[in-house]
Amino acid sequence: IEKLVEFFSENGHFFRVIHHEKAFRASRDASKVHEQWDRLRRIISNTIAGGTQAGEFAAIDSAVATAVALGITRAIVNHLGGKQPPAEIAATASQLFLDGLCV
């Protein structure tokens, strides 16, 4: 989450293009981006599944957790970008994702 927020905070134009431009999604270059997103999803999902198997994470659906992690990243970049330092926002989001709201 932290690395993604950092990347998209520094490359906001790229984020807007791949998430909001229908013309880009239909272009031939879009398949390369989709391949990279799929690769990223697999990395996150495999990391979560491995942590679950090792007993480090709760027994949860890694596909859902992956979607949540990516959703958190999108929300931060869309709604908080430029309002707070990206590192602070990302650290809070990572803590929330890993620890939840419960004390």
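**Ground rules.** The model is predicted, and local features need pLDDT of at least 70, side-chain atom pairs count only at pLDDT 80 or more, and totals for chains, interfaces and linings use all residues. Residues are numbered from 1 along each chain as its sequence is written, and side-chain values use heavy atoms, with hydrogens and water left out.

**Terms.** I took a pocket as an open set of points on a 1 Å grid over the protein atoms alone, where a 1.4 Å probe fits, with protein on both sides within 12 Å along at least five of seven lines. Lining residues have an atom within 4 Å of a point. A volume is the space filled by probe spheres set on the points, which are joined across faces, edges and corners. Helices are DSSP runs (H or I, at least four residues), numbered from the N terminus.

**Largest pocket.** I looked up its volume and found about 480 Å³. It is lined by 17 residues; Ile48, Phe57, Ala69, Phe97 and Leu98 lie nearest its centre. Helices H1 (2-10), H4 (30-53), H5 (62-80) and H6 (86-99) each give two or more residues to this lining. H4 has the largest share, 4 residues. I sorted the lining into 13 nonpolar (Ala, Val, Leu, Ile, Met, Phe, Trp, Tyr, Cys, Pro), 2 charged (Asp, Glu, Lys, Arg) and 2 polar (the others, Gly among them).

**Second largest pocket.** This one holds about 210 Å³. I noted 11 lining residues, with Phe8, Phe14, Gln36, Trp37 and Leu40 nearest the centre. H1, H2 (12-20) and H4 each supply two or more. H4 gives the most here, with 6 residues. The lining divides into 9 nonpolar, 1 polar and 1 charged.
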